[in-house]
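Okay, thanks for coming, everyone. I'll walk you through a few spots in one structure, so please have the picture up while I talk.

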Amino acid sequence: MRRPDLTFSALDHTPASKPGRDEFTNPEGKPFIDAMRQGSRENGVRVFDLNDAEHGISHVVAPEIGMVLPGATHAVPDSHACTVGGLGALAFGCGTTELEHVLATQVIALIKPKRMRVNIVGKLGAHASAKDVALNILSQIGSSGGRGHAIEFAGEAARALSVEGRLTLCNLTIEMGSRSGLVAPDDTTFQWLAGRPWAPGGAMWERALTHWRTLRSDDDAFFDKDVTVNCEGLAPQITWGTDPAQVIPVDGRTPDPSSMPADKRALAERALAYMGLAGGEHIEGLPVHRVFIGSCTNARLPDLREAAAILRGRKVAEGVVALVSPGSGKVKREAEAIGLDSIFKDAGFIWGESACSMCAGANGDGGQSGERILSTTNRNFENRQGRGARTHLVGPALAAAAAVSGRIVDVRKLADGQA
Amino acid sequence: MKAFTKAAGVAIPFLENDVNTDQIAPVGGGVKLHEDYTETLFKNRRRRDDGSIDESFVFNSPQFRRGAILVTGHNFGCGSSRESAVWVFQAIGVSCIIARSFADIYRENCLQNGVLALALPEADAARLELSVLSANGAPVFSVDLVERTIEGPDGLHIRFEISEAERTRLLEGLDDIGLTLKQLPEIEAWEKRMASEAPWAQHANASSL
Ligand code: SF4
């Protein structure tokens with residue numbers, strides 16, 4: 001390994017997220033945890049282990065400690081590496097062999113991606129957040145709309161997002177078919193980074209800042225693909241199918257496959273069948289069995305706040321299993337310091353530990369066949385959250401609203417007292 | 001890395017679009033550090049909900065249990081970057097995957113394992129798909145990287161394009177790490193330059209600078 005000083009290991013996919021878990025709670029994950037520890041130790045690599053104050057999902061931890069900096073490059077053997085583009089870094093998800101090359105050489109061999117800009121304009125509607133923006137973009141460009149391209153998310157609505165929101169937005173870049181996506185760094189970025197434990201300080205901070213301020217696209221920059229997405233008054237979004245681009249507004253209806261072009265029809269029919277839905281059906285009102293708030297998409301402090309705002313004074317509906325897994329140990333501590341954990345627990349949520357948890361179903365958490373799950377994660381693929389489990393991707397507000405209602409509801413009506 | 005010059009034999013038709021790696025190589029329920037990849041391949045889709053084998057699923061058909069070439073649709077291998085989604089095909093003998101298009105990371109993962117990943121233009125893909133469907137498991141296809149051709153029954157002959165760099169890498173089974181390390185002096189020079197121009201970016205913990 002060429003640069004162990006620039007290499008870090010995170011234990012996120014395989015540890016259990018059950019309250020009070022340890023490395024033995026998920027026996028299936030134990031060999032992976034052991035292998036990661038051993039390989040890291042042999043190579044002198046720091047592991048963010050379970051008892052580490054900086055433990056958590058790698059895509060959450062790396063930004064929050066200031067390891068990720070604008071203009072830096074990151075390689076991660078996980079497709080959601082793109083998340084950290086929210087800080088203006090360029091990240092590449094890669095496979096195992098490609099990672100081996102990075103570890104041995106500290107460089108990555110690439111075919112230069114084409115350039116794509118997604119211009120996001122308009123002001124979001126009530127209870128819509130970065131996740132809804134990302135889902136809306138997906139519904140417009142599709143799950144291969146960004147293939148072969150690196151995406152810059154630009155425009156007033158991207159600028160208006162907090163850094164956490166930008167991390168959420170960039171997280172779903174890979175769902176759009178792109179390996180890398182970013183938001184150009186600006187004052188929002190710099191303010192967020194200042195004082196983070198690993199970020200430069202003092203005179204070095206000033207020097208870095210001068211450089212970072214140059215990291216923006218020229219006004220006349222050329223993009224191979226340039227799309228504008230209007231998010232004016234955007235409603236909370238939800239997926240109805242088994243592809244993250246199969247998205248409708250929460251007050252919408254599932255599409256009617258018979259009105260689709262032939263190449264989309266078969267996929268839509270299969271997705272509807274898997275999800276136990278008919279074409280042209282209202283998505284509101286469907287019964288919900290499980291709710292998961294977590295993952296590298298939506299488990300940062302503002303996400304938990306957003307959900308807690310809905311949960312305060314309400315109870316999880318009977319028969320619904322609701323789990324929250326904060327994105328990192330730090331998020332968990334901060335949430336507890338401001339009493340968010342009590343709001344979740346009083347409502348009837350399981351206040352879990354930080355891990356990938358139900359997102360990939362690789363740590364013992366998951367749903368049962370036929371269960372309808374509202375999940376703040378990024379993939380609604382068949383069997384992703386358990387064999388036969390039906391995943392609807394949503395933002396934290398919609399997930400919380402479903403938990404207390406026992407069915408899919410329009411969170412805007414719930415908050416107004418109409419549902 | 002294993003060199004690739006030619007794949008010959010059965011071509012498996014799996015004509016779906018947007019097939020993700022979660023389907024190809026599921027991780028939920030019984031994931032092991034060292035697994036039998038022939039069993040991992042489409043583990044969930046090979047069985048019905050009641051646990052019985054779905055004989056109509058292509059990878060369960062006797063003639064397609066093994067094959068040399070996989071023929072598939074658009075955006076193949078989207079989703080997770082897990083490399084096991086390539087290894088599962090190698091486990092059943094596949095060393096060439098021909099799709100209408102590939103997800104970026106998946107294509108790279110193929111290349112890293114000496115698997116030729118070819119995206120064909122629509123017209124060629126359509127011809128090949130028809131031919132593969134009608135051959136129904138007869139071992140009559142070949143893909144030749146030296147000649148850059150795909151051959152099949154009834155005179156099927158398709159010439160394909162591939163970048164010279166990629167072709168050489170596959171033909172010679174070149175070890176990427178060795179190749180890159182030949183450029184170590186440049187890498188070191190770059191690091192040195194960055195250490196003075198942007199010192200914060202060459203230290204993981206920049207606050208200690
Ligand atoms: S939370 Fe989910 S998407 Fe994110 S890294 Fe973990 S498994 Fe992958």
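So, which residues of α4(B) are buried? They are B:I105, B:Y106, B:E108, B:N109, B:C110, B:L111 and B:Q112. Buried here means under 20% relative accessible area, exposed means over 50%, and partly exposed is in between, with a 1.4 Å probe and protein chains only. Helix α4 of chain B runs over residues 104-112, and seven of its nine residues are buried, so the helix is largely enclosed by the rest of the structure. Just after α4(B) comes B:G114, with a positive phi of about 70°.

Quick housekeeping. This is a predicted model, where local features need pLDDT of at least 70 and side-chain atom pairs count only at pLDDT 80 or more, while totals for chains, interfaces and linings use all residues. Residues are numbered from 1 along each chain as its sequence is written, chains are lettered from A and ligands numbered from 1 in the order in which they are written, and side-chain values use heavy atoms, leaving out hydrogens and water.

Next up, B:D22. You'll find it in helix α1 (residues 21-24) of chain B. Is B:D22 buried or exposed? It's buried, at a relative accessible area of 6%. Its side chain makes a polar contact of 2.8 Å with the side chain of A:R384, and another of 3.3 Å with the side chain of B:R82. A polar contact is a pair of N or O atoms within 3.5 Å; within protein, one must be able to donate a hydrogen and the other to accept it, and residues adjacent in sequence count only if both atoms are side-chain atoms. If we skip neighbours within four places in sequence, B:D22 is in contact (heavy atoms within 4.5 Å) with A:R379, A:F381, A:R384, B:S80 and B:R82.

On a 1 Å grid over the protein atoms alone, a cavity is a set of points where a 1.4 Å probe fits but cannot get out, and a lining residue has an atom within 4 Å of a point. Grid points are joined across faces, edges and corners, and a volume is the space filled by probe spheres set on the points. How many cavities of 30 Å³ or more are there? Four.

A:S295 has phi near 85°, and it sits in the loop between β11 (290-293) and α10 (301-311) of chain A. B:D154, at about 55°, is in the loop between β7 (149-151) and β8 (157-159) of chain B. A:S295 counts as buried, at 1% relative accessibility, whereas B:D154 is exposed, at 82% relative accessible area.

Notes
Helices (H or I, at least four residues) and strands (E, at least two) are DSSP runs, numbered from the N terminus. On a 1 Å grid over the protein atoms alone, a cavity is a set of points where a 1.4 Å probe fits but cannot get out, and a pocket is an open set with protein on both sides within 12 Å along at least five of seven lines; lining residues have an atom within 4 Å of a point.
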